[in-house]
Amino acid sequence: MLQDRYGFMWFGTKDGLNRYDGYRFTIFRNDSRDEHSIGGNFIQTLFEDSRGRLWVGTLNNGLDIFERETETFIHF
């Protein structure tokens, strides 16, 4: 669980990345047909760096950065 600098609450679960804005949840899940979706659904680690980038570590599918402007992911 992480609260970012914008006030969003992020929850890493076994079934995706959940963002709570104070009113509703948005769930980000892997879509094998979309190269910009999150790399995996089993979220292990969340980290916000000094530049405000959200890093997401998954169990078996590596590391992603969340692109806030497009709400997509860059997979490493």
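Start by selecting residues 9-13, strand S2, and residues 16-20, strand S3; a hairpin of 2 residues joins S2 to S3. Strands here are DSSP runs of E with at least two residues, numbered from the N terminus. Before going further, note that this is a predicted model, where local features need pLDDT of at least 70, side-chain atom pairs count only at pLDDT 80 or more, and totals for chains, interfaces and linings use all residues. Residues are numbered from 1 along each chain as its sequence is written, and side-chain values use heavy atoms, with hydrogens and water left out.

**Stop 1: the partners of S3**

Keep S2 and S3 selected: they run antiparallel, joined by 5 bridges. Two strands count as paired if DSSP finds at least two bridges between them.

Which residues flank Asn18? Phe11 stands opposite Asn18 on one strand, and Ile27 is the bridge partner of Asn18 in S4.

Next, click on Gly22. This residue takes a positive phi near 100° in the hairpin of S3 and S4, which has 4 residues between the strands.

**Stop 2: how enclosed is S3?**

Colour S3 by burial, where buried means under 20% relative accessible area, exposed over 50%, and partly exposed in between (1.4 Å probe, protein chains only). Because 4 of the 5 residues of S3 are buried, this strand is largely enclosed by the rest of the structure.

**Stop 3: the core**

Select Leu2, Trp10, Leu17, Phe28, Ile38, Ile43, Leu46, Leu54, Val56, Phe66 and Phe73: these 11 residues make up the largest nonpolar core. Strand S5 (43-48) and strand S6 (54-58) each supply at least two residues of this core. Such a core is a set of buried Ala, Val, Leu, Ile, Met, Phe, Trp, Tyr and Cys residues joined through side-chain atoms within 4.5 Å.

Now centre on Leu17. Leaving out residues up to four places away in sequence, its contacts (heavy atoms within 4.5 Å) include Trp10, Thr26, Ile38, Leu54 and Phe73.

**Stop 4: zoom out**

Of its 76 residues, 34% are buried. The C-alpha atoms fill a box of roughly 30 × 25 × 20 Å along the principal axes.
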